[in-house]
Amino acid sequence: MTTPTIAKTGTAVLEASGVTMRFGGLTAVRGVDLTVGAGEIVGLIGPNGAGKTTFFNCLTGLYVPTEGTVSYQGTRLSRKPHLVTQAGVARTFQNIRLFANMTVLENVLVGRHTRTKEGLWSALLRSPGFKKAETTSEERAMELLEFTGLAHKRDHLARNLPYGEQRKLEIARALASEPGLLLLDEPTAGMNPQETRATEELVFAIRDKGIAVLLIEHDMRFVFNLCDRVAVLVQGEKLVEGTSDVVQADERVIAAYLGEPFEGDPGEAEVSEVEAAEAHAAQAAADPDPASTEDSDGTEGGPQ
Ligand SMILES: Nc1ncnc2c1ncn2[C@@H]1O[C@H](COP(=O)(O)OP(=O)(O)OP(=O)(O)O)[C@@H](O)[C@H]1O
């Protein structure tokens with residue numbers, strides 16, 4: 001197995017060690033070690049059912065791993081999701097989880113709640129402290145909407161946004177908790193090629209703000225363009241980890257996942273992007289309520 005490296009500063013933000021998750025007789029994740037360094041964008045790829053989302057759930061307290069430890073900035077993470085968020089780890093979901101009947105701004109304000117100290121009584125009495133906190137939160141939320149290009153939609157209901165903007169809003173809401181590490185679960189699923197490119201820029205901009213990023217993605221062009229390091233999960237185990245160049249050339253990855261060597265050739269890119277856009281359009285048409293708050297964790301297609 002390739003030795004993990006921390007590309008940017010050498011400081012570990014996230015350290016997962018020996019993470020195993022069993023569901024009855026099924027071992028979905030087996031002994032996975034993964035480190036994300038400060039300033040890094042790390043990709044997690046692998047076939048459908050490889051255990052990627054289960055691993056994310058183990059990192060964020062949705063699942064308690066059967067074995068293993070997860071630390072953020074040197075401290076063991078809680079097993080309660082809201083405490084994980086409070087510690088500085090935010091995430092988005094494979095199947096968008098917005099408050100469909102709330103406005104864009106309100107969705108981001110909800111994401112601020114782990115950073116506001118004012119309690120229920122303060123809110124009910126509308127104390128000076130509460131009003132100040134409310135103004136600060138709204139200013140911060142608007143900054144994030146500017147950052148993600150959604151400021152002009154602040155008063156729209158989340159459910160009325162196009163699919164790509166719903167994904168951006170999920171990112172804005174995650175950023176509202178002021179994380180040091182952002183986990184993105186298939187951030188480009190359902191996006192057209194232009195939206196995918198814009199998301200790539202957005203992820204770079206997030207990293208430039210000093211937030212480390214760990215992402216699950218099936219779009220190989222996106223992953224290999226963006227990531228400093230990529231880990232490949234197959235049947236719950238980490239098969240390979242390394243730079244994009246190392247991973248895309250690895251025979252085991254080609255055999256187990258890519259099927260054929262990844263081609264960065266722009267001519268082929270046009271074809272695959274058109275195909276991807278058609279597939280995404282079909283997927284969006286099949287989903288009448290993309291702002292659903294349920295997490296069915298349906299699966300995406302193979303690598304694009
Ligand atoms: N709550 C659960 N109970 C039982 N089995 C589960 C549960 N969650 C996931 N699994 C199983 O664990 C395995 C890994 O699933 P997971 O969703 O983590 O894969 P994935 O790599 O994220 O797949 P995809 O790319 O399709 O999203 C699958 O066999 C799945 O059916």
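Which residue of strand 8 is the bridge partner of Ile41? That would be Val213, and the pair makes a handy way into this predicted model. Ile41 belongs to strand 3 (residues 41–45), a strand with five of its five residues buried, so the rest of the structure largely encloses it. Here's a quick tour, starting from the sheet and ending with a pair of helices.

- Six strands line up as 6-7-8-3-9-10 in an open sheet, and their pairing is mixed.
- At the edges sit strand 6 (89–91) and strand 10 (237–242), each of which pairs on one side only.
- Going from one strand to the next, the twist averages 20°.
- Helix 10 (residues 251–258) packs on this sheet, where it touches strand 3, strand 9 and strand 10. The direction of helix 10 makes about 130° with that of strand 10.

**Strand 3 and its partners**
- Strand 3 pairs with strand 8 (residues 212–216) in the parallel sense, over four bridges.
- Besides the Ile41 and Val213 pair, look for Gly43, which stands opposite Leu215 of strand 8.
- Strand 9 (residues 229–234) also pairs with strand 3 in the parallel sense, again over four bridges.
- On that side, Val42 has Arg229 of strand 9 as its bridge partner.

**The nonpolar core**
- In soluble globular proteins, nonpolar side chains tend to be buried together.
- In this model, the largest nonpolar core has 72 residues, and the members touching the most others are Leu181, Val213 and Val232.
- What does Val232 contact, leaving aside its neighbours within four places in sequence? The list runs to Ile45, Gly46, Lys238, Leu239, Val240, Val247, Val253 and Tyr257.

**Helix 3 against helix 6**
- Helix 3 (residues 104–111) packs with helix 6 (residues 163–175) at an angle of about 35°, and their axes are 7 Å apart.
- The two helices cross in the right-handed sense.
- Helix 3 brings Val104, Asn107, Val108, Val110 and Gly111 to the contact, while helix 6 brings Leu169, Ala172, Arg173 and Ala174.
- Sorted by class, this contact has six nonpolar residues, two polar ones and one charged.

Definitions and conventions
Residues are numbered from 1 along each chain as its sequence is written. This is a predicted model: local features need pLDDT of at least 70, side-chain atom pairs count only at pLDDT 80 or more; totals for chains, interfaces and linings use all residues. A residue is buried if 20 or more other C-beta atoms lie within 10 Å of its own, exposed if 12 or fewer, and partly exposed in between; C-beta atoms are placed from the backbone. Two strands pair if DSSP finds at least two bridges between them. A nonpolar core is a set of buried Ala, Val, Leu, Ile, Met, Phe, Trp, Tyr and Cys residues joined through C-beta atoms within 7 Å. Two residues are in contact if their C-beta atoms, placed from the backbone, lie within 7 Å. Axes are lines fitted to C-alpha atoms, for helices over the stretch in contact, and angles run from 0 to 180 degrees between N-to-C directions. A crossing is left-handed if the near helix is turned anticlockwise from the far one by less than a right angle, and right-handed if clockwise. Ala, Val, Leu, Ile, Met, Phe, Trp, Tyr, Cys and Pro count as nonpolar, Asp, Glu, Lys and Arg as charged, and the others, Gly among them, as polar.
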